[in-house]
Amino acid sequence: MSERVERFEIEGTPTIQLRLGAGSVRIVEGAAGEVVVRLEGRGSLIERFRVEQSSDLIVVEPEAGRRLTGGSVRVTIETGASPEASLRVGSSDITAAVDLASLDVAFASGDVRLHDIAGDLTAKGASGDLVAGSVGGQV
């Protein structure tokens, strides 16, 4: 199994935009002022991901026009501030061990375990459980 690590400096509230076919997603506490994205999986698979920053937006997704097959990817995102997150996954478990500013999540199968969400929670899932702490906005 290979690992790829990308580090980004963030000044405001980070926004995480992630798309993943199969694997797992974890959002955990990190150092203030930065977001660290860690991909673990087959080397040829994780190298075909676009991991980029535009201002406070961090994008993690397969390269344009690529449908990734042949394995799963474990994604860990370390953040020092509560992020806004937009997650689109196929067969993946999602765990947010930190508070989120807001969350828009769509998943085909898998379990979603969330800490507290200060703002809105939008969720669409086909199969699996979603468990969240408190939600300050609309559900």
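A: Partly exposed means a relative accessible area between the two cut-offs: under 20% a residue is buried, and over 50% it is exposed. The model discussed here is predicted.

Q: How is that applied to Arg19: what is its relative accessibility, and in which class does it fall?
A: Arg19 has 36% relative accessibility, so it counts as partly exposed.

Q: How do I read a salt bridge, and how many does the structure hold?
A: The idea is a side-chain nitrogen of Lys or Arg within 4 Å of a carboxyl oxygen of Asp or Glu. The structure holds nine such bridges.

Q: With which residue does Arg19 form a salt bridge?
A: The partner of Arg19 is Glu61, and their closest N and O atoms are 3.8 Å apart. Arg19 belongs to strand β2 (residues 15-29) and Glu61 to strand β5 (residues 57-62), so this pair ties together parts that are 42 residues apart in sequence.

Q: Is Glu61 buried or exposed?
A: Glu61 counts as buried because its relative accessibility is 14%.

Q: Which residue forms a salt bridge with Arg7?
A: Arg7 pairs with Glu34, with 3.7 Å between the closest N and O atoms. Since Arg7 lies in strand β1 (residues 2-9) and Glu34 in strand β3 (residues 34-41), the pair ties together parts that are 27 residues apart in sequence. At 54% relative accessibility, Arg7 counts as exposed, whereas Glu34, at 23%, counts as partly exposed.

Q: Where do Asp104 and Arg88, which meet in a salt bridge, lie in the chain?
A: The side chains of Asp104 and Arg88 meet at 2.8 Å, N to O. Their bridge links distant parts of the chain: Asp104 is in strand β8 (residues 102-109) and Arg88 in strand β7 (residues 84-96), 16 residues apart. Asp104 is partly exposed, with a relative accessible area of 28%, and Arg88 is partly exposed at 32%.

Q: Which residues do salt bridges that share partners join into one network?
A: Arg19, Arg50, Glu52 and Glu61 are joined in this way.

Q: How do I read strand pairing, for instance between β4 and β5: how many bridges join them, and do they run parallel or antiparallel?
A: Two strands pair if at least two bridges are found between them. Strand β4 (residues 49-54) is joined to β5 by six bridges, and the two run antiparallel. Within this pairing, Glu52 has Val59 of β5 as its bridge partner. The two strands form a hairpin with two residues between them, and Ser55 in the turn has a positive phi of about 60°.

Q: What should I know about side chains in a strand before looking at Thr76, and in which strand does Thr76 lie?
A: In a regular strand, side chains alternate between the two faces of the sheet. Thr76 lies in strand β6 (residues 73-79). Thr76 counts as buried because its relative accessibility is 8%. Apart from neighbours within four places in sequence, Thr76 is in contact with Arg26, Val28, Val36, Val37 and Arg38.

Q: Where is Phe107 found, and is it buried or exposed?
A: Phe107 is found in strand β8. With a relative accessible area of 8%, Phe107 is buried.

Q: Which residues does Phe107 touch, not counting those up to four places away in sequence?
A: Phe107 touches several residues, among them Val89, Gly90, Val112 and Leu130. The list also includes Lys124, Gly125, Ala126, Ser127 and Gly128. Between the C-alpha atoms of Phe107 and Ala123 there are 8.2 Å in space, and the two residues are 16 residues apart in sequence.

Note on methods
Residues are numbered from 1 along each chain as its sequence is written. This is a predicted model: local features need pLDDT of at least 70, side-chain atom pairs count only at pLDDT 80 or more; totals for chains, interfaces and linings use all residues. Side-chain values use heavy atoms; hydrogens and water are left out. Helices (H or I, at least four residues) and strands (E, at least two) are DSSP runs, numbered from the N terminus. Buried means under 20% relative accessible area, exposed over 50%, partly exposed in between (1.4 Å probe, protein chains only). Contact means heavy atoms within 4.5 Å.
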